[in-house]
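Keep the picture in view as you read.

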Amino acid sequence: MMRIKRKILAGIAAASFTSIGLLGSSASPAQAVTTAQHPSISSPSKQVAASKWTIRNSFFGKDGEDVPLRNGDEFSGYKHIQDKHPIDDTSLIGWIDDTLEDGTYKKQGDKTVARNRTATGQMFRVVFTEREDSGSKDGRPVGVITAFLE
């Protein structure tokens with residue numbers, strides 16, 4: 001049931017992005033739209049305003065949780081991860097996805113900590129929240145707070 005839900009949501013997202021021309025007709029559902037790819041965000045003032053809440057990638061937890069990875073700031077999201085625990089993008093996206101899909105979950109207040117062992121044997125941790133912030137103006141959760149190798 002979970003795999004079906006993921007495929008449906010991925011198909012909807014791919015169709016939406018393709019139909020408005022953000023990804024082009026050859027884009028796969030797993031591709032993310034970043035600030036650099038988005039044609040409507042061109043001036044520096046627009047980038048600053050949009051960058052914190054812009055979603056770099058979308059993930060789903062084991063129970064269907066919506067876990068976006070946002071550009072973020074010094075406290076959460078992609079910017080926080082790369083400032084505090086630099087990881088190349090390919091590894092980061094893969095490890096977050098693997099950890100959310102196969103890891104062990106532990107709730108800590110309004111946050112969830114997911115942990116999983118990477119192929120190299122290191123533990124990887126993803127901390128996320130399903131809390132929504134009205135500042136995002138998209139109705140989706142804040143998502144990934146941090147992610148790092150332990």
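Two strands count as paired when DSSP finds at least two bridges between them. The model you're looking at is a predicted one, and in it four strands form an open sheet in the order S3-S4-S5-S6, with antiparallel pairing. Strand S3 (104-108) and S6 stand at the edges with a single partner strand each, so one side of each has no neighbour in the sheet. On average, neighbouring strands here are turned by 20 degrees against each other, if you ignore direction.

Now for the pairs around S5. Strand S4 (residues 111-117) is joined to S5 through seven bridges, in the antiparallel sense. S5 and S6 also run antiparallel, and seven bridges join them. Here is one bridge from each pair:

| Residue | Bridge partner | Strand of the partner |
|---|---|---|
| Val113 | Val127 | S5 |
| Phe124 | Leu149 | S6 |

In a regular strand, side chains alternate between the two faces of the sheet.

**Across the sheet and into the core**

What lies across these strands? Helix H4 lies across S3, S4, S5 and S6, and runs at about 75 degrees to S5.

The largest nonpolar core has 16 residues, and those touching the most other members are Leu69, Leu92, Ile96, Leu100, Phe124, Val126 and Ala147. Strand S2 (66-70), helix H3 (77-84), helix H4 (89-102), strand S5 (123-132) and strand S6 (141-149) are the elements that each give two or more residues to this core. H4 supplies the largest share, with four residues.

**Helix H3 and its cover**

Which residues of H3 are buried? They are Gly77, Tyr78, His80, Ile81 and Gln82. Their cover includes strand S1 (55-60), S2, H4 and S6. An α-helix has 3.6 residues a turn, so residues three or four places apart point the same way.

Buried means under 20% relative accessible area, so at 19% Gln82 counts as buried. Gln82 touches Ile87, Asp89 and Leu92, not counting residues up to four places away in sequence.

**A pocket and a loop**

Rolling a probe the size of a water molecule over the atoms shows where empty space is left. The second largest pocket has a volume of about 160 Å³. Its lining is made of 14 residues, with Trp53, Ser76, Arg131, Val142 and Ile145 lying nearest the centre. S5 and S6 are the elements that give two or more residues to this lining, and the largest share, three residues, comes from S6.

Finally, head to the loop between S5 and S6, where you'll find Lys137. Is Lys137 buried or exposed? Lys137 is exposed, as its relative accessible area is 74%. Most residues other than glycine have a negative phi. Lys137, although not a glycine, has a positive phi of about 60 degrees.

Key
Residues numbered from 1 in each chain as written. Predicted model: local features only at pLDDT ≥ 70, side-chain atom pairs only at ≥ 80, totals over all residues. Heavy atoms only, no water. Core = buried A, V, L, I, M, F, W, Y, C linked by side-chain atoms within 4.5 Å. Buried < 20%, exposed > 50% of the residue type's maximum accessible area, 1.4 Å probe, protein only. Axes fitted to C-alpha atoms, helices over the stretch in contact; angles between N-to-C directions. Contact = heavy atoms within 4.5 Å. 1 Å grid on protein atoms, 1.4 Å probe; cavity = no way out; pocket = protein on both sides within 12 Å on 5 of 7 lines; lining within 4 Å. Points joined across faces, edges and corners; volume = space filled by probe spheres on them.
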